[in-house]
Amino acid sequence: MWYIYRLYIGDRTIYIGKCKNIKQRYWEHKSDCFNNLKNKFNQYKYMCIRQIGIVRENFYDYVKIECLYENIPNGFDKKMEQWVMCNYRDFGCNLWNELN
């Protein structure tokens, strides 16, 4: 089963994602953002987070996570994630998701 979640700073949604363990994924976002040895370090969302002045010590103070949907069955996770991203973009959110 999957979770669909959003990362946000203040009232601005910056990223829509999916995972199986939301607490673990939140920790991984922080790790990926500040560990320059990780291959995700240079992803747009992490570069933007660092550029606006968020540092490792205050990441959890500014970057928040919210579960939008839970118990998404295997096989529906990617479509659900895409649907949520489309809805957020349709309502004017400039998401920092990588295009794929």
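**Strands, cores and a buried glutamate**

Author: In this predicted model, strands E1 and E2 run antiparallel and are joined by 7 bridges. A hairpin is formed by E1 and E2, with 2 residues between them.

Reader: Which residue in the turn has a positive phi?

Author: The turn belongs to the hairpin of E1 and E2. There, a positive phi of about 65° is found at Gly 10.

Reader: What is the bridge partner of Tyr 3 in E2?

Author: The bridges in question join E1 to E2. Within E2, Tyr 3 is paired with Cys 19.

Reader: Which element supplies the largest share of the largest nonpolar core?

Author: This core has 17 residues, and Phe 59 is among those that touch the most other members. Strands E1 and E2 and helices H1 and H2 each supply at least two residues of the core. The largest share, 4 residues, comes from H1.

Reader: Is Glu 81 buried or exposed?

Author: Glu 81 lies in helix H4, residues 77-90. Leaving aside residues up to four places away in sequence, Glu 81 touches Ile 4, Ile 16, Gly 17 and Lys 18. The cut-off for buried is under 20% relative accessible area. With a value of 7%, Glu 81 is buried.

How values were computed:
Residues numbered from 1 in each chain as written. Predicted model: local features only at pLDDT ≥ 70, side-chain atom pairs only at ≥ 80, totals over all residues. Heavy atoms only, no water. Core = buried A, V, L, I, M, F, W, Y, C linked by side-chain atoms within 4.5 Å. Buried < 20%, exposed > 50% of the residue type's maximum accessible area, 1.4 Å probe, protein only. Pairing = 2+ DSSP bridges. Contact = heavy atoms within 4.5 Å.
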